[in-house]
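Colleague: Could you walk me through how to read this one? I'd like the general idea each time, then the case at hand.

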Amino acid sequence: MAKRTLRVGYPGNYREVEVDSPDAEPAPWDADSKLAVVGKRSPRLEGADKVTGKAKYTADVKLEGMLIARVLRSPYARATVRSIGFAKALKMPGVKAAIEIAKAARFQGDPIAAVAAETEAQAEDAVRAIEVDWAVEEHVVDLEEARKPNAPRVQGGKNPNERGGEAQNTAAEEACSSALKKSHATVDITFTTPVVTHSCLESHGSVAKWESDGSLTVWDSTQGIFAVRDGLARGFQLPAEKVRVLKEHMGGGFGSKLGMGQHSMIAARLAREAKAPVKLMLTRKEEHLAGGNRPSSVQRVRAGADKEGKLTCLWLVSHGTGGINGGANCAAPLMSLYNCPVRRVWHADVMTNAGGAAAFRAPGHVQGMFALEGAMDELAGKLGLDPIEFRKKNDSNEMRHAEYGEGAKVAGWEGRAQLPNAGGPGKARGLGVAASIWGGGGGPGAQARCVISRDGAVEIQCGTQDIGTGTRTIIAMIAAEELGLKADQVRVKLGDTTLPYSHGSGGSMTAPSVTPAVRAAAAAARGRVFEACAKALKGNADSLTAKDGKVVAKDGTSISWAEACAKISGANVSEQATRAQNFKGYRDGTAGCQFAEVEVDLETGHVQVLRVVAVHDCGRVVNPLLAESQINGGIIQGLSYALFEQRILDDASGRMLNTNFSDYRIAGPKEVPEITVVLFDVSNGRTNTGVMGIGEPPIIPTPAAIANAVAHAIGKRISDLPITPDKVLAALGKK
Amino acid sequence: MPADRPEGLSRRDFLSVTGALAGAGMLAGKSSAEDEDLRKAGGGLGPAPVKFGLRVNGNDHEVTAEPRATLLDVLRDSLDLTGAKNACDRGECGACTVIVDGKAVYACMMLALQARGREIRTIEGLAKGEDLHPVQAAFIEKDGYQCGYCTPGQVMATVALLEKTPSPSGDQIRAGLCGNLCRCAAYNRIFEAAASAAKAK
């Protein structure tokens, strides 16, 4: 390990820290680093493919002799299959294979059987021809019904549907009662949030092909190619190297595509059965039913503060359902955001006969922040304190303090008191604020290889995924920076399990985990180029630098990159690096805050979000254009969650009533607010790039900020998402 | 109205062979010579595949597809034009947007047979060789996408909008694109791209 002194912090607040960084790695970038490529607004490298329709997604893969699969899914929330007959289905035109998947269904949409046929229409026809004798069983889909002692058992047997308990290191009930009793002001509010689906536009899906040597190649719409590879290898009892998973472009995941889905196994089983490649893409309805979801929550929050506005107690009792599986815990913001001497959390996951949950952009945090920040605003009101002042009194993160200051200026917080009447007759405006908190520092293990050829061509190979976040582009930028080239001179190969390993793309982990490996690999390969061309420049390899497309000696003499690479003996140089542990630098999490301005129509109850000011940090910003896109997307998904989205299940039948995009509404062009992004460029000194992730942070505060803005506008708090017009009218006493 | 427009397809004949195709009222009208040929060749309009012509991106293609096949299915499966995407399959998201006779349409909501004799434009026909259409260039410059799955539809909807309204206001852009969903929510930048392309023209 090498001891290095770095300047860390953010503009206006820098300090020096000493870090231990691996000897083999280039010196970490810090606040003083002058970078030519990194930090610039650069369009995506795959842009032309995306705007011309050339970009191939899993749904677009077409192989010789490929069949299309369709799945028979249970129409019942709970049932067993007494008998199943494929004879008719197998005789249908074009049908080549049929498989049984399960004999019991635990939710509407649970896969039971599947067929593969020459066309999609034939496969659909054949699924309808499968004869099933169902034994329909009692189900429960309602969260509260499922908690009752006599509710049908979702997992069967005597297992209770509810699994709950106290959080670790949580304060005793008595300590909370006592702290709340002594408080100057207290609030006690129950917040509820619905189940929402990811609604990725490209559904989950796979194309599976068995090769003649018994190995399996799968194109998969996934955020984690290695997770799919390992899942398939386990499923078919193959060594991992016999399974290759590919994913060049992917049409949205948001967490729902992190693990291997059942569809991948189904496609591969059918392909084996039919002896032909099989494509299985879920339909929109299947996607809503079985593609994953964000669990619901019921969160009772009690909070107290003293006269000075210091929190005395935070208390959360919550439960929620992620259907047949999946944790619904949302306590993280309450446990981590504010300083508070007494904290208690009790939570229960409740099983219901509905599709299982999956990670969804900032799992738990979005729900939890909505409740916590709603309670904070109410408490500020009782204390007669400004919501930002109250937050700052209880938040020791200096960066978020600075972000509140900047955001308040941009959002016009000063004029907030006059805002409710600014909308004109029949309208009320409001301005709300909420905080974000997330990790985003990444972790060790990601690998990257840099191959530099004699002709000067540079290729970075990394088995990561670009899920629309811009990973491909920032990898090229990092390597280009190190090699003194332009980003478009670097070819990036990703999305293939034959490349060096990387993690699934989730949790804002990709950029911070991958970029240090890419930089280290590029630096090592550059060293090999320097060795090869040192003689030509009459210098030592370690005295050379690479910039502006040249290799430059200490005395200023230089040769072009191409000339330098021509000195490589053999075809190329190739160096691989593995991402090290984070070192102790400035700080390990991201802060952030958002301000939402809304206008409420007092006649119709319609809420329009006019503007969102988003202040975020994500370490070193590699490409502001792409970072801002991530933030825009998080905000609008958060807005969609706050105002529109909810999965609606019919209690009696256990079926979902809104399995499309007309009845399950997601935000569209008319709902989009003006967005102002303020990015804090932070030197965090924790890796050789200091990059952090920005996938999750921007969705976390949005629903809370919007709910707080609505409360500010109409003087009544709506604590039940989504904030639909009927709830607004009810709050206004008009319904 | 050209004689070979889909309105020329006999509804009675169509329904007699495909069974209940509720919603097909738009197909009412008198039968055309081409339909006669189809019937002779295929023994009727379905359910078996029939051969027919489609004009896509200025080229004439002969395709064979079941009468129930949508324009989207035929573009993607028969013509290998996979730019238009299937995301909802029921006219709600716009990922399949193509331009038919100058108008942005959901290719998942039009039967391929209905598109006979019409001028179909898809994302694949927009660039002239390496030269991108101004809307395409603007999407790249403004980062008007993230995952890119809805992008071909967004680009085609924008092209159709600008052909009709060359200098749209902000509200006109939103209205023109409100049939296209983007789950990554690149909307603000799609609007910027549309405005920028309008200026560039």
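This is a predicted model: local features need pLDDT of at least 70, side-chain atom pairs count only at pLDDT 80 or more; totals for chains, interfaces and linings use all residues.

Colleague: Which core residues have the most contacts inside the largest nonpolar core?

Modeller: In soluble globular proteins, nonpolar side chains tend to be buried together. Buried means that 20 or more other C-beta atoms lie within 10 Å of a residue's own (12 or fewer is exposed, in between is partly exposed; C-beta atoms are placed from the backbone). A nonpolar core is then a set of buried Ala, Val, Leu, Ile, Met, Phe, Trp, Tyr and Cys residues joined through C-beta atoms within 7 Å. Here the largest has 286 residues, and Ala69(A), Val115(A), Ala479(A) and Val710(A) have the most contacts inside it. Helix 14 (residues 510–533) of chain A gives the most to this core, with 14 residues. Apart from that core lies another, of five residues, including Leu6(A) and Val19(A).

Colleague: And the chain as a whole: how many helices and strands are there in chain A?

Modeller: Chain A has 18 helices and 30 strands, counted as DSSP runs numbered from the N terminus (helices are H or I, at least four residues; strands are E, at least two). For overall shape, take the radius of gyration over C-alpha atoms and compare it with the globule rule, 2.2 Å times the number of residues to the power 0.38. With 735 residues, a compact globule would come out near 27 Å, and chain A agrees, because its value is 28 Å. Buried residues make up 60% of chain A. Of its contacts between residues at least 6 apart in sequence, 77% join residues at least 24 apart.

Colleague: Now sheets. Which strands does strand 7 of chain A pair with in the antiparallel sense?

Modeller: Strands of a sheet pair through backbone hydrogen bonds, either parallel or antiparallel. I call two strands paired if DSSP finds at least two bridges between them. Strand 3 (residues 67–73) of chain A runs antiparallel to strand 7 of chain A, with six bridges, and Ile68(A) has Ala117(A) as its bridge partner. Strand 5 (residues 95–100) of chain A is also antiparallel to strand 7 of chain A, through five bridges, with Val95(A) opposite Ala117(A). Six of the seven residues of strand 7 (residues 111–117) are buried, so the strand is largely enclosed by the rest of the structure.

Colleague: In the open sheet of three strands, what is the order?

Modeller: The order is 6-4-8 (chain A), with antiparallel pairing. Strand 6 (104–105) and strand 8 (131–136) of chain A are the edges, each pairing on one side only. Strand 4 (residues 79–85) of chain A joins strand 6 of chain A over two bridges, and Ala79(A) stands opposite Ala105(A).

Colleague: Loops next: is Ala77(A) buried or exposed?

Modeller: Ala77(A) lies in the loop between strand 3 and strand 4 of chain A, yet counts as buried because 30 C-beta neighbours fall inside 10 Å. Among the residues Ala77(A) touches are Phe107(A), His139(A), Asn353(A) and Arg655(A).

Colleague: Last one: how many residues of chain A are in contact with chain B?

Modeller: 43 residues of chain A are in contact with 43 residues of chain B. Helix 16 of chain A gives the most to chain A's side, with seven residues.

Note on methods
Residues are numbered from 1 along each chain as its sequence is written. Chains are lettered from A and ligands numbered from 1 in the order in which they are written. Two residues are in contact if their C-beta atoms, placed from the backbone, lie within 7 Å. Lists of a residue's contacts leave out its neighbours within four places in sequence.
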